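Please have the sequence and the coordinates open as I talk.

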Amino acid sequence: LKPLWLKAIHHSARPAIGSGCVRRRAHRAYAAMADAAPAAIDGAPITGSQMQSNLTAAKEARKRAELDAQLLANRIALLKQEEEKAWKKIEETRKRAAEITQLRQQNQDKFQAK
């Protein structure tokens, strides 16, 4: 049995509202990093401005990837908290059901004793 938080991050699970498609954003970040790699066009060396724009794109892609990772970590933590609350409520419900069953039995015993 998988924990609830693990089910929510499964590849078929829907991401949190407002976070967008994490895979698509990660793919764009990796594509930007690949584009940022120094490469010569037609054998010509890379100019300073090209290298600077590649570096800037790589930095932005890294920041987006770090932000995505933080958003996922926050979502996982929230789901874990929700799971703990759910298990606590289940346990309280079980205790209350046991108390009710015990009270019913006591009432039935008293009624039969009369």
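Predicted model: local features only at pLDDT ≥ 70, side-chain atom pairs only at ≥ 80, totals over all residues.

Glu99 counts as partly exposed, because its relative accessibility is 41%, where partly exposed is the range between buried, under 20% relative accessible area, and exposed, over 50%, computed with a 1.4 Å probe on protein chains only. The side chain of Glu99 meets that of Arg96 in a salt bridge, at 3.3 Å from N to O, a salt bridge being a side-chain nitrogen of Lys or Arg within 4 Å of a carboxyl oxygen of Asp or Glu. Arg96 is likewise partly exposed, with a relative accessible area of 45%. Glu99 and Arg96 are three residues apart in helix H3, so about one helical turn separates them.

Residues are numbered from 1 along each chain as its sequence is written, and side-chain values use heavy atoms, with hydrogens and water left out.

How many salt bridges does the structure hold? There are three, and I have described one of them, between Glu99 and Arg96. Another joins Arg62 to Glu66, with the closest N and O atoms 3.0 Å apart; these two residues lie four apart in helix H3, about one turn of the helix. Arg62 counts as partly exposed at 40% relative accessibility, and Glu66 does too, at 45%. In a further pair, Glu91 bridges to Arg94 with a closest N to O distance of 3.9 Å, both residues lying in helix H3, three residues apart. Here Glu91 is partly exposed at 38%, whereas Arg94 counts as exposed at 53% relative accessibility.

Now to the helix itself. Helix H3 covers residues 48–113, which is 66 residues, and reaches 97 Å from its first C-alpha to its last, close to the 98 Å expected at 1.5 Å a residue, that expectation being 1.5 Å times one less than the number of residues. Its buried residues are Asn54, Ala61, Asp68, Leu79 and Glu83.

For the chain as a whole, there are three helices and zero strands, where helices are DSSP runs of H or I with at least four residues, strands are E runs of at least two, and both are numbered from the N terminus. Buried residues make up 8% of the 114 residues, and the accessible surface comes to about 9600 Å², with 58% of it belonging to carbon and sulfur atoms, by the Shrake-Rupley method with a 1.4 Å probe.

Finally, confidence. The mean pLDDT of the protein chain, the predictor's confidence in each residue from 0 to 100, is 79, and 62% of its residues reach 70 or more. Where is confidence lowest, and where highest? It is lowest in helix H1, residues 4–8, at a mean of 55, and highest in H3, at 95. Over residues 11–18 pLDDT stays under 50, and the model has seven contacts beyond four places in sequence for that stretch, a contact meaning heavy atoms within 4.5 Å.
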